[in-house]
Amino acid sequence: MEDRTKTIEDLSVEEREEILIDVARTLEGNAREALVEGNQQFAALSTNMAEAIRINADELARDDLEQAEELLQQAVAMISQFNATHPYRLISTAVH
């Protein structure tokens, strides 16, 4: 079967930027959850990384693919670590 895995170089600039912003959103969500749980260190790290990605998303997507790929790997590692320690998250079903 043909392998259809795309690398960051195979994506368009818009697709790269969209992926970077999606990763930043996920980091921000994880930071909020960590803050609620009292894990201020992880919350601060996630927030700072998300902010750095958002500020530099355009430049990373256009010019610096090597750094963008490295940053994405670090962000995905942080997200994976958070998901591994929080496999069963509390989901609010409250109606406001």
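Let's start with one side chain's surroundings: if we skip the neighbours within four places in sequence, Ser-46 is in contact with Leu-27, Ala-31 and Met-78. Keep in mind that this is a predicted model.

So where does Ser-46 sit, and is it buried or exposed? Ser-46 is in helix α2, and it counts as buried because its relative accessible area is 0%, with the cut-off at under 20%.

Now over to α1, which covers residues 13–37. That's 25 residues, and the helix reaches 36 Å from first C-alpha to last, close to the 36 Å you'd expect at 1.5 Å a residue.

Which residues of α1 are buried? Among them are Leu-20, Val-23, Ala-24, Leu-27 and Ala-31, and also Arg-16 and Asn-30. As a reminder, residues three or four places apart on an α-helix point the same way, because there are 3.6 residues a turn. The cover over the buried part of α1 includes α2 (40–62) and α3 (65–85).

Next, the largest nonpolar core, which has 23 residues. The ones touching the most other members are Leu-20, Val-23, Leu-27, Met-49, Ile-53 and Ala-75. Two or more residues each come from α1, α2 and α3, and α2 gives the most, with eight.

Last one, Ile-53: again leaving out neighbours within four places, it's in contact with Leu-20, Val-23, Ala-24, Leu-27, Leu-71 and Ala-75.

Methods:
Residues are numbered from 1 along each chain as its sequence is written. This is a predicted model: local features need pLDDT of at least 70, side-chain atom pairs count only at pLDDT 80 or more; totals for chains, interfaces and linings use all residues. Side-chain values use heavy atoms; hydrogens and water are left out. Helices (H or I, at least four residues) and strands (E, at least two) are DSSP runs, numbered from the N terminus. The expected span of a helix is 1.5 Å times one less than its number of residues. Buried means under 20% relative accessible area, exposed over 50%, partly exposed in between (1.4 Å probe, protein chains only). Contact means heavy atoms within 4.5 Å. A nonpolar core is a set of buried Ala, Val, Leu, Ile, Met, Phe, Trp, Tyr and Cys residues joined through side-chain atoms within 4.5 Å.
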